[in-house]
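With the model open in your viewer, follow the stops below in order, selecting the named residues at each one before reading on.

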Amino acid sequence: MKTAILIVFVSVLTNISVSVAEVRAQINWTGELKITGFSSLPGFPENSDNDPSTLTYEWTIDPDSSHTIGASICSAPEVSGTVALVDALGPGVDENLDINSLANIAMLLPPGTFNFPPGVTPPFENIGSPVSTIVLNEPGINLDTVLNVNQVNFDENVLTFQAQENVLSGIPASSLFNAEDAAPPNNGDGILTRPFIVDITLDCAECSLDVDGNGSYDALTDGLLVIRHMFGIQGESLIEDAVADDCTNCEVSEIETIIEECATSSIVDIDGNEEIDALTDGLLNMRYLFGFRGAPLINHSVGDNCTRCTVVEVENYIQNLLP
């Protein structure tokens, strides 16, 4: 199948936080994926609740695998490399997946460089309601469903995540897994396994909120340039009296390019609602640079559907953006 297995792996790696330039992740894994929980039939020890909408994905990583996760990573990384399930379409026929949305694994795992064999990585757990929401939409196989990932565990060499499926239309992913499990060489035991290869690099777009490039971040230069751009001001009016005397990015073209790169990678989406707005994100940025802290920082300046809504979340986020 072109498979829900592949789509799930792509999609669980997509909901990432934000940082400045030069932050990246590198993942080089081989191993075996085991999917369970998709059978509605009684008697399967791997599916004790007999609820096919509760799925478990268990990635057992081989020795000689490794990954490096930056301390933080941008929200729209440039992704390159390969993720494949070995023999997914038959002996000797691997299935490569679209890796454009791969990112969330870098957010969920602790930062640092880890080399396998087992026992090297520290235990890690992330529980939420949900940790991540995954949309699976593949018209070619009549799949349109959402997975709410509520728990992620990483212990030694095993990455496990559990998800609750909510079918929007078409057939459930669990039905696809049941059909695959019933086909040779599988034996209908409620367990799907496939070898996998992961070789991924995530690079952040070049972006710095030291917009004029003078090595400091100032409300009346960098902050003003950003909020002017959010209000749609362009050309010489954008930079008038708003670049530092010791700027290294001094021209309109340079300033506009830098701010647009920050906007593209969502770095200036301070409240995390997937919208860049002068009266929320721009105002939060300016207030912080002027020294506002606590409730006055966020008062009437976080957008609807914010994901960074509290003083602590906004302050920590902006602090991580400073040069």
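Select R194 and E180 to begin: in this predicted model, R194 is buried, and E180 is buried as well. Side chains of opposite charge can pair when their charged atoms come close. The structure holds 1 salt bridge, and this pair links distant parts of the chain, since R194 lies in strand β10 and E180 in helix α3, 14 residues apart.

Next, select W29, Y57, F154, F177 and F196, which are the residues with the most contacts inside the largest nonpolar core, a set of 36 residues. To see where this core draws its members from, colour β1 (24-36), β2 (54-61), β4 (78-85), β7 (124-138), β8 (143-155), β9 (158-170), α3 (173-182) and β10 (191-203), each of which supplies at least two residues of the core.

Now keep β8 and β9 on screen and hide the rest. These two strands pair in the antiparallel sense over 12 bridges, and along the pairing V152 stands opposite F161 in β9. Follow the chain from β8 into β9, and you will see that the two form a hairpin with 2 residues between them, where E156 in the turn has a positive phi of about 60°.

Move on to the helices by selecting residues 219-230, which make up helix α4, together with residues 278-289, which make up helix α7; the two pack at an angle of about 175°, with their axes 9 Å apart. Because an angle over 145 degrees counts as roughly antiparallel, α4 is described as roughly antiparallel to α7. Display the side chains at the contact, which is made on the α4 side by A219, G223, L224, V226, I227 and M230, and on the α7 side by A278, D281, G282, L283, N285, M286 and L289.

The protein chain has 9 helices and 10 strands, and of its 323 residues 48% count as buried. How much of the contact pattern joins residues at least 24 apart? Among contacts between residues at least 6 apart in sequence, the share joining residues at least 24 apart is 67%.

Methods: Residues are numbered from 1 along each chain as its sequence is written. This is a predicted model: local features need pLDDT of at least 70, side-chain atom pairs count only at pLDDT 80 or more; totals for chains, interfaces and linings use all residues. Side-chain values use heavy atoms; hydrogens and water are left out. A nonpolar core is a set of buried Ala, Val, Leu, Ile, Met, Phe, Trp, Tyr and Cys residues joined through side-chain atoms within 4.5 Å. Buried means under 20% relative accessible area, exposed over 50%, partly exposed in between (1.4 Å probe, protein chains only). Helices (H or I, at least four residues) and strands (E, at least two) are DSSP runs, numbered from the N terminus. A salt bridge is a side-chain nitrogen of Lys or Arg within 4 Å of a carboxyl oxygen of Asp or Glu. Two strands pair if DSSP finds at least two bridges between them. Axes are lines fitted to C-alpha atoms, for helices over the stretch in contact, and angles run from 0 to 180 degrees between N-to-C directions. Angles under 35 degrees count as roughly parallel, over 145 as roughly antiparallel, 65 to 115 as roughly perpendicular and the rest as oblique. Contact means heavy atoms within 4.5 Å.
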